[in-house]
Amino acid sequence: LSTCPTDGNYVDCDDGFEAGTATTCYQACNNGEDCCDGVDACKYATACIQKNNATPNCKGKKACYKVGYNSPYQPKISEGSCTDYFACSYLARDFGDVSSISQSCTEYKACYGLAKGGGTVGAIS
């Protein structure tokens with residue numbers, strides 16, 4: 001069940017694709033200009049990712065890779081979060097739950113694997 005706002009300012013990613021389409025999250029992010037920029041960024045991601053070209057989210061090699069993957073929960077990522085190599089990769093994967101990330105996880109492997117495998121973390125900001 002998606003928790004993404006429907007105002008057009010977020011990409012509702014489901015396993016690396018915009019929910020219900022064949023469009024990749026990278027493509028839905030204006031080909032990486034607004035979010036999901038970097039080799040394999042947002043690949044297999046299940047998350048609600050804010051589009052923001054001033055402070056893009058999930059920017060960097062494998063940033064947000066498998067975030068929320070195989071989990072019933074959908075993290076909300078906003079305000080320039082998950083912006084470096086492997087930042088937020090595997091976050092909330094395999095039944096983990098991270099509710100939202102705002103202005104955080106902006107360093108090398110920041111928040112990597114957080115709540116993976118069933119852990120629960122509230123909002124990060």
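Q74 is buried, because its relative accessible area is 11%. Buried here means under 20% relative accessible area, exposed means over 50%, and partly exposed lies in between, with a 1.4 Å probe and protein chains only.

A word on the source. This is a predicted model, where local features need pLDDT of at least 70, side-chain atom pairs count only at pLDDT 80 or more, and totals for chains, interfaces and linings use all residues. Residues are numbered from 1 along each chain as its sequence is written, and side-chain values use heavy atoms, with hydrogens and water left out.

Back to Q74. Where does Q74 sit? In the loop between strand 5 (57-59) and strand 6 (76-78). Strands are DSSP runs of E, at least two residues, numbered from the N terminus. The side chain of Q74 makes a polar contact of 2.7 Å with the side chain of D12. That term means a pair of N or O atoms within 3.5 Å; within protein, one must be able to donate a hydrogen and the other to accept it, and residues adjacent in sequence count only if both atoms are side-chain atoms. D37 is 37 residues from Q74 in sequence and 20 Å away in space, C-alpha to C-alpha.

Now, salt bridges. How many does the whole structure hold? The search finds 2. The criterion is a side-chain nitrogen of Lys or Arg within 4 Å of a carboxyl oxygen of Asp or Glu.

Take K43 and D40. Their closest N and O atoms are 3.8 Å apart. K43 is partly exposed at 35% relative accessibility. D40 is partly exposed too, at 28%.

Then R93 and D94. This salt bridge spans 3.4 Å, N to O. R93 counts as buried, at 17%, whereas D94 is partly exposed, at 21%.

Note on methods. Helices (H or I, at least four residues) and strands (E, at least two) are DSSP runs, numbered from the N terminus.
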